[in-house]
Amino acid sequence: MKKGGPYKPGGDAQAIQQVANAYYGGYRNMFEAHGWNAPGNKMMTSAPTLIVQDYGSIREFEDRHKHGDLMFPMEAIKTDPANVWLTSFYGFGPWNWGFLGFTEEWRRDSFLRDTKPGILIVVYGASKAIGTERGKILGILQCSHEIGDAQKYMAPDAWNEKQADPERRDKWNHGVRVTRAWQITPETRISVREFAPDATETEAWQHIGASGVRLSRQEAERILKLDLQEVEVYGGTPIIDSAVGQAKEILAPSKAGPVSQSPFVTRESEGPKHLYILKLEGDTDAFLGEAANDKMIVKAGFSRSPQSRCGDFNRALPRCAFHWEVLHCGPSSGLDAYPTSDHAKAGEREMQTVLCRTPGGHSLGGEFFLATPELIADAWKAGNISARDFKT
């Protein structure tokens, strides 16, 4: 089609169909990612009007889904064969390690020959990972085909730590740059054997970490059942606040969906939410500059993944004697997530109201409070009652 020229008859429908299939895996996923509503048998006829409302034109919609240098994440999952591989790390920390590393240069070269730029790497915890991460799916990396020495893509302290360790010195130094990364929320981590039964069928799977192995299309699509949160990659664009949501929303290249694709700020998508109360660990008297009298500094809120939210706040702190811990949250209390943000907001408001009661507590500004352990327990109970009983 010439620039500025009209589509041939049926051309707009064909363009929409192509985008829906390539980047969203079908109309239903495309509608869910954008928050559009229509009966299944009306999606194709409703799509043009909804696209024009959100994008301005079918052309703009198509342009925003054109190929750049990298394959879109959703396309990497849906292409056949999938452009998705599995490998193992000692842990998941792309904010310090912004690359996929190979000890032998020939393995890196083979990897580049067998993949396309934009490849997704599913990372699981190797045998030397900490106990809670060992054998679990931890995160996803998107890789370019840019290559370089590992030190180029690592935080200086991480490089020094690696080189000071005899077991890791001079390993994985042939790097492939990572462009984006997502951690899997602790609540939705599953074992690598459950996630990729074909890739781990034989004992050879234990050597996957040496070079990685391609996942089948069926295994790659299991990513879409996970909850993801985008995290910062060392040397990349800073992530100030990132969304937690279903992978099919987070990975979709949508303009107007519930999750902004801005590299600077993203918002948590709609969906089930848990209440939480975080506690600041450390010398509270020193932090306040006055006696806390056995009260605790807490933050009350809600999120799809309280543990991931806690991690966000800890990453915002300098390395010091203070850190946030989850004191109360739905998953650890055996409570199901509340169905909507409105339910959770009602619970959050009630928790904050209770935490402001004197003499047991008072606000420290925003969602932060100083309160006695007894008042915090009361707030947690009252918040969950309010969220449970909320009526739309």
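Author: Start with R168. This residue is buried, with a relative accessible area of 14%. Buried means under 20% relative accessible area, exposed means over 50%, and partly exposed is in between, for a 1.4 Å probe and protein chains only. The model is predicted, so local features need pLDDT of at least 70 and side-chain atom pairs count only at pLDDT 80 or more, while totals for chains, interfaces and linings use all residues. Residues are numbered from 1 along each chain as its sequence is written, and side-chain values use heavy atoms, with hydrogens and water left out.

Which residue does the side chain of R168 meet in a salt bridge? The partner is E161, at 3.8 Å from N to O. A salt bridge here is a side-chain nitrogen of Lys or Arg within 4 Å of a carboxyl oxygen of Asp or Glu. E161 counts as exposed, at 52% relative accessibility.

Now move one residue back along the chain. E167 forms a salt bridge with K128, at 2.9 Å from N to O. Why does this pair tie together parts that are 39 residues apart in sequence? E167 lies in the loop between α7 (156–164) and β5 (174–184), and K128 lies in the loop between β3 (119–125) and β4 (137–149). Helices (H or I, at least four residues) and strands (E, at least two) are DSSP runs, numbered from the N terminus. E167 is partly exposed, at 48% relative accessibility.

Another salt bridge sits within a helix. E105 pairs with R108, and their closest N and O atoms are 3.6 Å apart. Both belong to helix α6 (residues 105–114), and because they are 3 residues apart, about one helical turn separates them. E105 is partly exposed, at 41% relative accessible area. R108 is buried, at 6%. In the whole structure, the search finds 15 salt bridges.

Next, the strands. β10 (residues 296–303) pairs with β13 (residues 368–371) in the antiparallel sense, over 4 bridges. Two strands pair if DSSP finds at least two bridges between them. Opposite M296 stands A371 in β13. β13 also runs antiparallel to β12 (residues 361–365), again with 4 bridges. There, S363 faces F369 of β13. What does G366 do in the hairpin of β12 and β13? G366 takes a positive phi near 60 degrees, and the hairpin has 2 residues between its strands.

Now a helix pair. α2 (residues 27–34) packs on α3 (residues 43–55) at an angle of about 35 degrees, with the axes 12 Å apart. Axes are lines fitted to C-alpha atoms, for helices over the stretch in contact, and angles run from 0 to 180 degrees between N-to-C directions. Which residues of α2 make the contact? They are Y27, R28, F31 and H34, and they meet M43, M44, S46, A47, L50 and Y55 of α3. Contact means heavy atoms within 4.5 Å.

Finally, the whole protein. Its secondary structure comes to 14 helices and 13 strands. Of its 392 residues, 46% count as buried. Take the contacts between residues at least 6 apart in sequence: 71% of them join residues at least 24 apart.
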